[in-house]
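Here is a guided tour for someone meeting a protein model for the first time. Keep the picture open beside the text and look for each part as it is named.

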Amino acid sequence: MLKTFIPPKFEAALEHEFRLSFDESWKPVRKVATLGCMLLWICLIPWDFYLAHQDTQFKAIVYALVPMRLAMFVWFSIFYYIAFKTDLPKTRISTLNVIIIASLVLTEACLFYWALTVPPNYVPVYFPNGILVVISAAYCCFGLHFRPAVLSFPAVVASIYLCATLTHQSNANLGQVSADTTSVVLLLILGLLWGCLVAWVIETEARRGFMARKRLAKANEEIRIAHAESEHDRLRLLELQDQISRDIKLKEIEQARFLGSAVHDLRQPIQALEAFNISLSRAIHAQDDARAHELSEFCSKAISVIKDQLASILEYTKIQSEAISIQTQAVSVSKLLQNIQFVWQPHAQAADVDLIIQTDAQYHIQSDFQVLLRIIGNLISNSIKYRSRHLDSVRYVSITLEATDSNVTVHVADNGVGIPAEAIESGEIWRPFMQIQKSAFSIDRGVGLGLAIVARLIALLPGHQLRIHSEVGRGTTVSVTLPRMAEASSASLARGFEVESASMSRPDVDLLRGRYVLVIEDDPLVRLSLCTLLQDYGARLESYSDYLSAVNGIQSLERQPDAVISDFSLPDGATAIDVMTELNASWPGTPMMILSGESDNLSDKPGLEHVLCITKPADSAHLLASLCMTMQRAKLNPVPQGA
């Protein structure tokens with residue numbers, strides 16, 4: 001019961017902090033109270049002499065009272081010095097409590113002694129009125145803790161008892177004091193209990209206030225930390241905004257430089273095309289067939305350069321804008337190289353370059369199938385563009401493999417013009433639009449983005465590495481190291497075109513003669529040009545401008561088409577996938593090729609995994625060769641003579 005009434009202590013560190021805080025808050029009150037006690041004790045001495053002058057009975061004891069008053073004055077002076085003029089140890093609160101209790105006991109003892117010695121008419125001044133005043137001052141003005149206050153209870157009673165026992169005065173005053181012993185003791189006990197209650201209230205409220213201040217301080221500290229963090233975040237946000245602004249400006253400057261370089265390089269073949277076109281018109285007008293044929297070849301080369309530059313600029317822009325999604329999976333190296341041979345063999349043959357590819361290697365790697373096609377395709381394209389113009393021997397581009405337990409390295413080698421060693425060491429070859437020895441190259445040289453695209457694509461693929469070795473006049477070898485993996489199931493392999501592993505000969509465009517081809521293209525100029533091109537090679541055509549007309553045409557056909565060429569995006573939200581679905585329903589097994597301006601990898605779309613997708617603008621020779629290979633792959637029966 002008593003434990004629940006006593007104010008509970010905090011844990012040690014917090015309790016010590018509370019005591020120091022309590023002592024500090026009561027210090028001004030205690031100082032004033034101590035000075036008041038000193039002043040009271042010293043001022044009562046003249047009052048004692050005044051009473052002694054008026055009363056002969058009081059005069060008899062005045063010289064016993066004055067030394068005691070001086071002693072109490074000295075005691076409180078010492079108390080003041082110890083409490084407020086010196087640095088107490090860590091137990092300062094306990095020391096002060098002991099001094100306060102001692103002062104209370106001494107004062108009560110003195111008052112009780114005087115009550116025994118003074119004349120009877122002065123007894124009420126010292127006892128019990130004086131005792132009650134002292135108790136009130138001790139408990140209210142000195143901030144005594146509850147526990148020391150409870151301990152002071154028996155100390156005060158013991159001191160009064162001791163004074164009563166040791167006194168040698170007459171019993172007259174003692175009888176006066178003890179005339180109503182029960183009332184006096186009861187009054188004394190009530191006074192002490194009241195003092196303890198005051199001490200309990202003071203300490204309880206002090207502890208509550210201390211905890212409230214601690215919670216407030218904690219809340220303020222949390223607010224301060226939150227404010228500091230928010231200020232730090234604000235400054236970081238401003239710094240980030242500045243950094244973003246700088247990055248945007250640098251990006252804009254880089255884009256401006258990129259656009260300037262792209263426009264500059266595009267102007268060259270356009271200027272050449274303009275001049276060749278005028279000369280071609282004059283040659284045709286003059287009926288100079290040889291000259292017209294020569295100028296037509298030049299125009300074709302200029303158009304090819306423009307097409308390659310636009311394709312490279314578009315691909316580089318996609319990479320820089322992070323529009324490429326990397327999806328690594330198990331890739332069959334054999335299937336990868338077969339697809340590369342299928343796509344690039346026509347280009348190499350058109351440039352009179354032998355493309356030699358080792359397609360029988362049974363390795364599996366962890367990579368992105370489509371991105372690898374673009375990387376190796378760019379390397380082959382560079383080798384073809386920068387082939388040597390002065391070799392009497394065969395110009396070639398070879399792809400060989402080198403395998404270890406953890407890697408497969410693809411070597412793309414050529415015997416072209418080569419790259420100076422200083423350009424490789426300085427890293428210039430990886431910069432956009434960087435062309436080494438521009439004057440040495442012909443009109444069909446690249447725009448200078450091939451190796452920049454390769455380097456950035458390699459950086460997107462985890463575990464892939466790129467090395468290059470070259471000698472001017474002897475050729476270049478670019479090595480791409482790929483992470484090898486264990487044998488994978490066929491279901492988990494990346495899908496590409498199903499290409500026969502045998503070497504593919506140059507397609508015979510005469511295969512188009514008499515073939516029945518459907519052309520689905522919404523752009524009238526592109527549709528007209530495709531129809532014209534195919535008709536020039538003897539193909540029979542049906543052309544459609546949208547999906548609905550194509551569906552109606554397919555359903556009304558009298559025979560199965562030999563091939564279908566379709567744009568991917570068609571009017572009214574239709575796509576080539578819809579066309580293929582309808583085609584398979586009406587004429588299953590009809591080969592299809594997509595010619596589209598879409599920048600996405602269409603081969604990744606469901607249903608197009610085994611469909612050859614060519615991006616506009618496409619080289620006419622490559623387009624025709626790809627169409628012939630598509631039909632060869634489908635193994636169509638020859639068209640009967642006279643068809």
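## A hairpin to start with

Let us begin with two neighbouring strands. Strand β4 (residues 396-403) is joined to β5 by seven bridges, and the two run antiparallel. They form a hairpin, with three residues between them. To find the pairing on screen, look for V397, whose bridge partner in β5 is D414. Please remember as you look that this is a predicted model.

Strand β5 also pairs with β7 (residues 475-483), again in the antiparallel sense and over seven bridges. Here H411 stands opposite S479 in β7. Is β5 enclosed or open to the outside? Seven of the eight residues of β5 (residues 407-414) are buried, so this strand is largely enclosed by the rest of the structure.

## The mixed sheet

Now zoom out to the whole sheet. It is an open sheet of five strands in the order β2-β4-β5-β7-β6, and its pairing is mixed. At the edges are β2 (354-357) and β6 (465-471), each of which pairs on one side only. On average, neighbouring strands of this sheet are turned by 15 degrees against each other, direction ignored.

The parallel part of the pairing includes β2 and β4, which are linked over four bridges. In this pair, I357 stands opposite I399 in β4. Helix α12 packs on the sheet and touches β2 and β4, and its direction makes about 175 degrees with that of β2. Another helix, α13 (residues 369-385), lies across β2, β4, β5 and β7, running at about 25 degrees to β5. As a general idea to carry along, side chains in a regular strand alternate between the two faces of the sheet.

## The parallel sheet

Another open sheet of five strands has the order β9-β8-β10-β11-β12, with parallel pairing. Its edges are β9 (540-544) and β12, and each has a single partner strand, so one side of each is left without a neighbour in the sheet. From one strand to the next, the twist averages 20 degrees.

Within this sheet, β8 (residues 516-520) and β10 run parallel and are joined by four bridges. Helix α16 lies across β8, β9, β10 and β11, and runs at about 170 degrees to β9.

## Helices packed together

How do α17 and α18 sit against each other? Helix α17 (residues 547-555) packs on α18 at an angle of about 10 degrees, with the two axes 10 Å apart. That makes α17 roughly parallel to α18. The contact is made by Y547, V551, I554 and Q555 of α17, together with D578, V579, E582, L583 and S586 of α18.

Helix α19 (residues 620-634) has 15 residues and reaches 21 Å from its first C-alpha to its last, close to the 21 Å expected at 1.5 Å a residue. Among its buried residues are L623, L624, A625, L627 and M631. The elements covering the buried residues of α19 include α12 (333-350), α16 (524-536), β10, β11 (592-596) and β12 (612-615).

Most residues other than glycine have a negative phi. Two loop residues here have a positive one. Q287, in the loop between α10 (181-285) and α11 (289-320), has a phi near 60 degrees. Q287 is exposed, with a relative accessible area of 68%. D572, in the loop between β10 (563-566) and α18 (576-586), has a phi near 65 degrees. At 76% relative accessibility, D572 is exposed as well.

D567 is also found in the loop between β10 and α18. Is D567 buried or exposed? D567 is buried, because its relative accessible area is 8%, and buried means under 20%. Leaving aside residues up to four places away in sequence, D567 touches residues including E521, D522, S596 and K616. An unreviewed UniProt entry lists D567 as "modified residue: 4-aspartylphosphate".

## Annotated transmembrane spans

The unreviewed UniProt entry also gives the annotation "transmembrane region" to several spans, including residues 32-49 and 61-84. In the model, residues 32-49 are 100% helix, and their end C-alpha atoms lie 27 Å apart. Residues 61-84 are 96% helix and 0% strand, with end C-alpha atoms 35 Å apart.

Conventions: Residues numbered from 1 in each chain as written. Predicted model: local features only at pLDDT ≥ 70, side-chain atom pairs only at ≥ 80, totals over all residues. Heavy atoms only, no water. Buried < 20%, exposed > 50% of the residue type's maximum accessible area, 1.4 Å probe, protein only. Expected span 1.5 Å × (residues − 1). Contact = heavy atoms within 4.5 Å. UniProt positions renumbered as here; feature names shortened; annotations may be inferred. Pairing = 2+ DSSP bridges. Axes fitted to C-alpha atoms, helices over the stretch in contact; angles between N-to-C directions. Parallel < 35°, antiparallel > 145°, perpendicular 65-115°, else oblique.
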